[in-house]
Amino acid sequence: MLVRIIVYPVISILCTCHIYYFVSSSLQMTSYRYSHPRPSVATDVVVLRNGHNGLEVLLIDRKEEPKGLALPGGFLRVGPPEVEHAVARGSAIPEDVDPSLEACALRELEEETGVHPLRIHQLGAYGDAARDPRGRYISAAYWTFVHDSRCEPRAGSDAGAVHWAALSEIGRLEFDHNRILDDAKARIRQRHDELDLFLELMPEVFTYPDFHAAYQRAIGRVVDRSNLYKRAAGLLAPGELSEPPAATPRGRGHPPKHYNLRRVLAALGETA
């Protein structure tokens, strides 16, 4: 009798604990809700154009703290947990939620500067603990080339002003944006063989001398004109115009070939 009084309650308690553990574990596995911290995620974009003396980068004057010069960018827009869980299960993405990091970068770039690049290229992730004085923020950085004919920057959102700055004259930028900018310059030099990247520096109609000059400024060194043409001729050929534009100055000798950027990009499966 004494054994029943002692053993039965103990067994009952153990069974209850086991059932509770099983149910709670199952709920955790199916809901994927963990207690780890969730740092904020942002994007930053290095926008570069072909200046008179080399590449220039687009910077913003921040209206909010920390104030100062910085690359354009901002925070990833996410929904409440129930919305994010629904999206993960296949529901439609709400308009006020960024569907991807690239979408966030393009949205923030447009809101702060009004710039719409042909395409952007992912550079890397930056998450050092001391990169942002406001807290633990992780940034996915991108870079892009633009041409003045497709780019008329204007300040918006939390940008007090926007302006171009020569890479050779860049001072201190907020956060770790100097590092991001240096990494972008290094990435461009690493990808110098991907000539299609440098088409983004071209206007609607351009010549090979235009392309050669912009390419040299972008990679920061002198490149033999004839050798580069041998590599670029096939890339540019689909955009060759049979007649130069009417406004082309007539000088001695044959005028240089002119190329239509839209045609070149169309041959690559892209649009301008």
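How many bridges join strand S1 (residues 40-51) to S6, and do they run parallel or antiparallel?

Mentor: Happy to. 9 bridges join S1 to S6, and the two strands run parallel. Before going on, a word on the basis: this is a predicted model, in which local features need pLDDT of at least 70 and side-chain atom pairs count only at pLDDT 80 or more, while totals for chains, interfaces and linings use all residues. Residues are numbered from 1 along each chain as its sequence is written, and side-chain values use heavy atoms, with hydrogens and water left out.

Two strands pair if DSSP finds at least two bridges between them. Helices (H or I, at least four residues) and strands (E, at least two) are DSSP runs, numbered from the N terminus. By that count, the protein chain has 7 helices and 9 strands.

Back to S6. Leu48 has Phe145 as its bridge partner in S6. S6 also pairs with strand S5 (residues 121-126), through 5 bridges, and here the strands run antiparallel. In that pairing, Gly124 stands opposite Ala141 of S6. Of the 9 residues of S6 (residues 137-145), 8 are buried, so the strand is largely enclosed by the rest of the structure. Buried means under 20% relative accessible area, exposed over 50%, and partly exposed in between (1.4 Å probe, protein chains only). For the protein chain, 36% of the 272 residues count as buried.

From H5, take Phe211. Leaving aside neighbours within four places in sequence, Phe211 is in contact (heavy atoms within 4.5 Å) with Leu195, Phe198, Leu199, Met202, Phe206, Leu228 and Ala232. Leu228 and Ala232 are also among the H6 residues that meet H5. On the H5 side of that meeting are Tyr208, Pro209, Phe211, His212 and Tyr215. By class, the contact of H5 with H6 has 8 nonpolar, 1 polar and 2 charged residues; Ala, Val, Leu, Ile, Met, Phe, Trp, Tyr, Cys and Pro count as nonpolar, Asp, Glu, Lys and Arg as charged, and the others, Gly among them, as polar.

As for geometry, the axes of H5 and H6 come within 11 Å and cross at roughly 115°. Axes are lines fitted to C-alpha atoms, for helices over the stretch in contact, and angles run from 0 to 180 degrees between N-to-C directions.

In the loop between S6 and strand S7 (159-166) sits Ser157, which has a positive phi of about 55° although it is not a glycine. Ser157 is partly exposed, with a relative accessible area of 42%. Phe175, in the loop between S7 and H4, has a positive phi of about 60°, again without being a glycine, but Phe175 is buried, at a relative accessible area of 17%.
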